[in-house]
Amino acid sequence: MDIFVPMRHTDDKELIRLLRLSDYAAFEELHHRYWLKLHKLAYRKIGDRQDTYDLVQELFIEIWEKRGTLNFGEELPGWLQKRLWFKLSGFFRKRGFNGKHQENFRQYLENQGFDKCFDPAELREVNACYEDLLAAINKTIEEMPNRMREVFILHRRQQHTVDEISDKLNLSPKTVRNQLDRAIARLRRSTEAYDATALEILFIVWLIF
């Protein structure tokens with residue numbers, strides 16, 4: 001018998017309401033509904049199935065334990081992704097980068113034009129405002145004008161070149177570069193208060209995408 005059937009038609013807002021009331025069936029439905037998506041996102045960055053399983057499981061345990069105090073926001077999937085990014089940032093700060101992570105991140109930095117030598121130890125010395133910094137960057141990306149955000153995501157997440165984006169969106173290469181430059185300028189302005197280095201900003205963007 002499928003224990004999730006009774007709540008499968010419950011919308012996210014009602015699920016949160018029931019969860020706050022310590023309804024464990026609501027928690028099981030939340031777990032069933034979002035586990036696989038969060039696991040896929042985490043595995044894409046961690047690359048180890050056991051570490052990924054442990055991290056996502058820890059995330060859901062925290063949700064249950066703090067169910068009465070968490071601010072789930074208006075959109076549950078987006079909120080869960082943000083919580084996952086916080087967990088991932090902590091994972092890499094605590095555990096560091098293994099060889100595979102280093103190579104993946106180094107390639108990402110090269111694709112973004114980062115010309116300084118990458119020292120993994122730098123990312124373990126992040127200041128205490130790290131989660132606020134991550135939230136500020138994500139908020140800035142969400143609030144970008146639609147075209148700017150589309151260009152930025154195509155470039156950062158999907159690794160399209162300027163020329164490819166130009167063809168795909170029917171924009172001139174100059175316009176694409178301008179949109180990217182303005183997006184980066186917005187990110188820098190949004191993080192000024194946190195004294196973030198360029199490496200830290202790129203690391204967070206890598207986490208998000």
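Against which helices do the buried residues of H3 pack? They pack against helix H1 (12-20), helix H2 (24-46) and helix H4 (76-95). The model is a predicted one, in which local features need pLDDT of at least 70 and side-chain atom pairs count only at pLDDT 80 or more, while totals for chains, interfaces and linings use all residues. Residues are numbered from 1 along each chain as its sequence is written, and side-chain values use heavy atoms, with hydrogens and water left out.

**Whole chain.** Display the protein chain as a cartoon: it has 10 helices and 0 strands. Helices (H or I, at least four residues) and strands (E, at least two) are DSSP runs, numbered from the N terminus. Of the 209 residues, 44% are buried, buried meaning under 20% relative accessible area, with exposed over 50% and partly exposed in between (1.4 Å probe, protein chains only).

**Helix H3.** Select residues 49-65. These 17 residues reach 24 Å from first C-alpha to last, close to the 24 Å expected at 1.5 Å a residue; the expected span is 1.5 Å times one less than the number of residues. Buried residues of H3 include Leu55, Leu59, Phe60 and Ile63. Next, select Asp48, which caps the N-terminal end of H3 through a side-chain oxygen 3.1 Å from the backbone nitrogen of Gln50.

**The nonpolar cores.** A nonpolar core is a set of buried Ala, Val, Leu, Ile, Met, Phe, Trp, Tyr and Cys residues joined through side-chain atoms within 4.5 Å. In the largest, of 57 residues, those with the most contacts inside it include Phe60, Ile63, Leu88 and Ile137. Apart from this core lies another, of 8 residues, among them Leu154, Val162, Ile165 and Leu169. Now centre on Leu88: leaving aside neighbours within four places in sequence, Leu88 is in contact (heavy atoms within 4.5 Å) with Ala42, Lys45, Ile46, Leu55 and Leu207.

**Helix H10.** Select residues 198-208 and highlight Ile204 in this helix. Is Ile204 buried or exposed? At 0% relative accessibility, Ile204 is buried. Beyond four places in sequence, Ile204 is in contact with Tyr130, Leu133, Leu134 and Ile137. Ile204 and Leu133 are 71 residues apart in sequence, and their C-alpha atoms are 8.5 Å apart.

**Helix H6.** Finally, select residues 130-142 and pick Asn138 in helix H6. Asn138 is buried, with a relative accessible area of 6%. Not counting residues up to four places away in sequence, Asn138 touches Lys82, Trp85 and Ile208.

Methods: A polar contact is a pair of N or O atoms within 3.5 Å; within protein, one must be able to donate a hydrogen and the other to accept it, and residues adjacent in sequence count only if both atoms are side-chain atoms.
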